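Let's take a friendly walk through a structure by question and answer.

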Amino acid sequence: ARRARELGIDLIITDHHEPDRELPQALAVVNPKRVDCPYPDKHLAGVGVALKLVQGLCQKTGHDNWLSAFVKIAAIGTLADVVPLVGENRVIAKLGLEQLTKGPHKVGLRALLDVSGLAGKTIDSYHIGFMVAPRINAAGRMSTADIATRLLLASDESLAAEATALAQQLDAENTRRRAEEADIVTAARKAVETDPDVGAHTVLVVGGEGWHRGVIGIVASKLVDAFYRPAIVLSIEGGVAHGSCRSIPGFDVLAALESCAPLLQRFGGHQQAAGLQLEAARIPEFRRAVNDYAHAHLGPDDLRPNLHLDGPLDFDGITPAFVADLMAMAPFGLGNPKPLFTTGPVDVADGPRRLKERHLKMSLRQRGRTFRAIAWNSVDKEPVMAGGSGGLEVAYGLEQNEFNGATYTELRLSDARRTP
């Protein structure tokens with residue numbers, strides 16, 4: 001910003017992170033979290049703030065008809081950034097998903113949807129979060145974000161072959177990202193489970209020499225899922241540790257970092273996700289300091305995962321009208337979670353069968369009605385699902401899936417236990 005000012009260049013910055021006390025000397029710093037900003041929606045994703053700038057430019061220049069194309073991209077970013085899907089974020093996500101499903105698309109976006117296996121499908125928040133966004137993000141994580149930029153900017157049909165090649169390159173980078181991530185997750189879990197200096201604390205602070213910085217945020221999320229504790233994963237190189245933090249509800253990880261500011265070279269982010277940099281030699285000192293903060297702000301109940309159920313729903317209540325009403329509340333995500341129901345007893349009519357050695361697929365039956373069901377990352381629940389006396393009591397959400405042009409309702413299991 002200083003250099004742009006020296007050169008006489010007008011610089012506009014858009015951001016959605018908590019700003020420092022001193023703002024850059026730019027023509028404009030557009031951030032709803034500025035203390036002097038009256039904009040009512042404070043939870044826009046970074047892409048949402050950029051969209052507001054684009055919206056203003058479109059209005060000023062008489063190009064309102066361009067906006068829907070930008071909303072599609074903003075919806076992808078809003079869902080990928082896991083911001084609360086309420087207020088304007090919900091509007092952006094809902095309208096964008098409708099446009100992504102409806103089309104038509106420029107050649108770059110079309111190639112991305114094709115390589116993600118979503119051509120011609122009804123696209124929802126799950127597809128964006130687990131199929132589209134990881135491919136876009138893989139470029140910046142594993143090599144250069146320029147690959148994704150060039151793809152999304154490809155608009156002329158003459159670029160079809162190049163767009164296809166770029167999409168395939170993103171797909172390959174995403175495959176490489178998954179392999180790198182799996183290796184680091186294995187090493188990080190081993191450290192948590194075998195090293196008392198790491199695993200005996202409320203906040204898991206784990207690091208490794210040469211761990212790929214592009215995936216440590218995902219690894220931190222996986223540790224939170226596995227151990228239900230805040231996690232900070234560090235990539236160490238040349239005596240410097242770069243870290244990514246993910247938290248649990250009720251623990252402000254950014255405030256925790258602020259309490260450790262004298263130990264850190266830099267840090268920033270949000271309450272639930274943040275980044276940092278420090279000297280590698282200070283990691284033990286940092287681990288003690290961040291856990292001192294955690295001990296003062298977290299109790300035993302905060303470290304016990306809870307499953308919030310919206311109410312009972314037997315299989316005979318799952319009617320087409322009910323499912324349609326439920327899906328009208330989509331898109332689901334942070335701030336607007338998909339409703340979870342409970343019922344029991346139910347019988348396992350078929351399965352469970354393992355998928356990729358991590359997931360379980362089965363059919364469940366209750367009073368003559370049978371539904372397909374899937375339990376993601378639940379292979380540890382196989383003994384409960386597979387046998388024992390009595391039926392199953394299940395916690396589940398409802399999904400609408402498509403196969404060979406037909407739409408059917410499937411249960412996504414969150415938990416299960418045997419009933420007497």
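Q: Is Cys260 buried or exposed?
A: This is a predicted model, where local features need pLDDT of at least 70, side-chain atom pairs count only at pLDDT 80 or more, and totals for chains, interfaces and linings use all residues. Residues are numbered from 1 along each chain as its sequence is written, and side-chain values use heavy atoms, with hydrogens and water left out. Buried means under 20% relative accessible area, exposed over 50%, and partly exposed in between (1.4 Å probe, protein chains only). With a relative accessible area of 2%, Cys260 is buried.

Q: How many disulfides does the structure hold?
A: A disulfide counts here as a pair of cysteine sulfur atoms within 2.5 Å. For Cys245, the nearest cysteine sulfur belongs to Cys260 and is 9.7 Å away, and Cys245 is in no disulfide. The number of disulfides in the structure is zero.

Q: What is the relative accessibility of Cys245?
A: Cys245 falls in the buried class. Its value is 0%.

Q: Which strand gives the most to the lining of the second largest pocket?
A: Strands are DSSP runs (E, at least two residues) and helices likewise (H or I, at least four), numbered from the N terminus. β5 (240-246), α11 (253-259), β6 (266-269) and β7 (273-279) each supply at least two lining residues of this pocket. The top contributor, with four residues, is β6.
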